[in-house]
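The points below may be read alongside the sequence and the model.

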Amino acid sequence: MGNFVHLHLHTEYSLLDGAIRIDDLASRLKEMGMDACAITDHGTMYGAVQFYKTLKANGMKPIIGCEVYVAPNSRLDREVSTGAKPYNHLILLAKDNEGLKNLNRIVSIGYTEGFYRRPRVDKEILKKYHDGLICLSACIAGKIPSLILSGEIEKATNEALWFNDVFGQGNYYLEIQSNTMPEQAMVNAALIKLSRSTGIPLVATNDCHYLKKDDFEAHDVLMCIGTGAKVSDTNRMKMTVNEFYVKSETEMRRYFSEVPEAIENTGLIAEKCNVEFDFNTIHLPKYEVPEGYSTHEEYLLSLSLDGLKKRFEINGMAADSKVYMDRLNYELGVIGGMGYTDYYLIVWDYVNYAKQNGIMVGPGRGSGAGSLVAYAIGITNLDPIKYNLLFERFLNPERVTMPDIDVDFADVR
């Protein structure tokens with residue numbers, strides 16, 4: 001590519017912080033002659049699929065990334081020292097599908113293990129899941145810029161060397177940004193000097209939060225909503241300069257005329273990032289069956305036979321009813337043949353958990369109620385044979401889309 005590419009950009013999915021609608025972004029990028037762009041929402045991947053599809057549909061390359069929050073020490077800590085930041089920012093971009101998997105893992109861990117004010121990760125997680133990722137040092141809320149602003153240049157250098165060692169030369173970049181904040185000028189100058197002394201390359205970004213310069217006031221209102229403040233408040237979070245929009249390549253090159261390599265590196269990074277989403281293959285979690293069962297099909301058969309026996313006992317029916325057994329065997333054959341055995345086991349698992357823990361579950365709704373296997377193992381509570389419900393409405397060998405079992409739970413617990 002070689003041209004400038006925005007690699008730090010917040011869409012509307014950076015909730016109450018980003019004001020860039022993805023459809024509008026695609027149009028604007030085309031107007032400016034750009035052929036690639038990254039999505040780096042705060043701590044989330046909510047917008048990744050829409051972003052990917054929209055840019056692809058407009059003939060542009062989508063670069064999938066995230067601006068993650070990094071805890072100062074362990075992600076498991078729930079306390080921070082007085083005056084210390086509970087997290088710093090860091091940009092991660094997926095180079096390939098392995099990188100995308102690792103990015104998804106990192107972001108998920110931020111929520112499931114590290115959440116404290118924000119979904120946080122730590123160096124342990126970054127080191128474990130760094131493969132396939134490109135890392136940028138982020139805005140002035142990043143660790144290295146923060147150390148520079150506090151005058152701790154040696155610590156900033158050591159921090160940069162740690163990240164460069166973990167992600168590998170050519171996969172870690174010192175991020176300089178094109179805004180006129182005095183703090184940014186100080187950070188940019190220090191990062192350029194740091195790059196020349198360490199060999200860690202520079203990259204130019206603009207930390208885009210809104211689409212056009214005229215959107216500054218609307219974005220300011222959005223930030224007020226997000227922080228519970230009023231526009232008239234004097235002491236509130238606010239962007240002090242109107243610079244965080246999707247700038248043109250001309251604007252970016254003009255700002256970084258003395259370090260053109262920082263612009264060129266955006267295109268080089270874009271060339272390295274080649275994630276492809278697969279919307280045709282069904283990816284199901286692998287259900288871990290208990291010991292004593294050699295296959296998932298064997299376990300589902302066992303659950304079905306046991307469950308059907310209990311249903312017979314409750315309803316006073318003969319346990320060897322041929323109609324039921326023929327239907328059960330037919331359904332299990334279709335389910336196994338189409339690769340949905342694990343799907344049934346997963347749904348059974350969470351429905352069974354709910355029932356064991358006193359969480360109300362509906363009796364069954366939609367086409368899934370036509371499955372005898374679902375009835376036998378307790379996913380539904382409607383006898384499809386008694387009510388002449390068709391299994392084929394739910395699942396048959398001609399179906400090309402994923403089936404879904406509608407399950408209703410209480411709106412609490």
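1. The model is predicted. Its protein chain has an accessible surface of about 20200 Å², and carbon and sulfur atoms account for 51% of that area.

2. As to overall dimensions, the C-alpha atoms fill a box of roughly 85 × 50 × 45 Å along the principal axes. The protein chain contains 14 helices and seven strands.

3. Of the 413 residues in the protein chain, 50% are buried. When contacts between residues at least 6 apart in sequence are considered, 76% of them join residues at least 24 apart.

4. In soluble globular proteins, nonpolar side chains tend to be buried together. Here the largest nonpolar core comprises 64 residues, and Ile64 and Leu92 have the most contacts inside it. Beyond its neighbours within four places in sequence, Ile64 is in contact with residues including Ile39, Phe51, Leu92, Leu103, Val275 and Phe277.

5. The largest pocket holds about 1100 Å³ of space. Its lining consists of 37 residues, and those nearest the pocket centre are Asp17, His42, His89, Met223 and Met237. Two or more lining residues come from each of β2 (61-70) and α8 (216-227); α8 gives the most, with three residues.

6. Which classes of residue make up the lining of the largest pocket? The lining has 18 nonpolar, twelve polar and seven charged residues.

Note on methods:
Residues are numbered from 1 along each chain as its sequence is written. This is a predicted model: local features need pLDDT of at least 70, side-chain atom pairs count only at pLDDT 80 or more; totals for chains, interfaces and linings use all residues. Side-chain values use heavy atoms; hydrogens and water are left out. A nonpolar core is a set of buried Ala, Val, Leu, Ile, Met, Phe, Trp, Tyr and Cys residues joined through side-chain atoms within 4.5 Å. Buried means under 20% relative accessible area, exposed over 50%, partly exposed in between (1.4 Å probe, protein chains only). Contact means heavy atoms within 4.5 Å. On a 1 Å grid over the protein atoms alone, a cavity is a set of points where a 1.4 Å probe fits but cannot get out, and a pocket is an open set with protein on both sides within 12 Å along at least five of seven lines; lining residues have an atom within 4 Å of a point. Grid points are joined across faces, edges and corners, and a volume is the space filled by probe spheres set on the points. Helices (H or I, at least four residues) and strands (E, at least two) are DSSP runs, numbered from the N terminus. Ala, Val, Leu, Ile, Met, Phe, Trp, Tyr, Cys and Pro count as nonpolar, Asp, Glu, Lys and Arg as charged, and the others, Gly among them, as polar. Accessible areas come from the Shrake-Rupley method with a 1.4 Å probe; for residues, only the protein chains shown count as cover.
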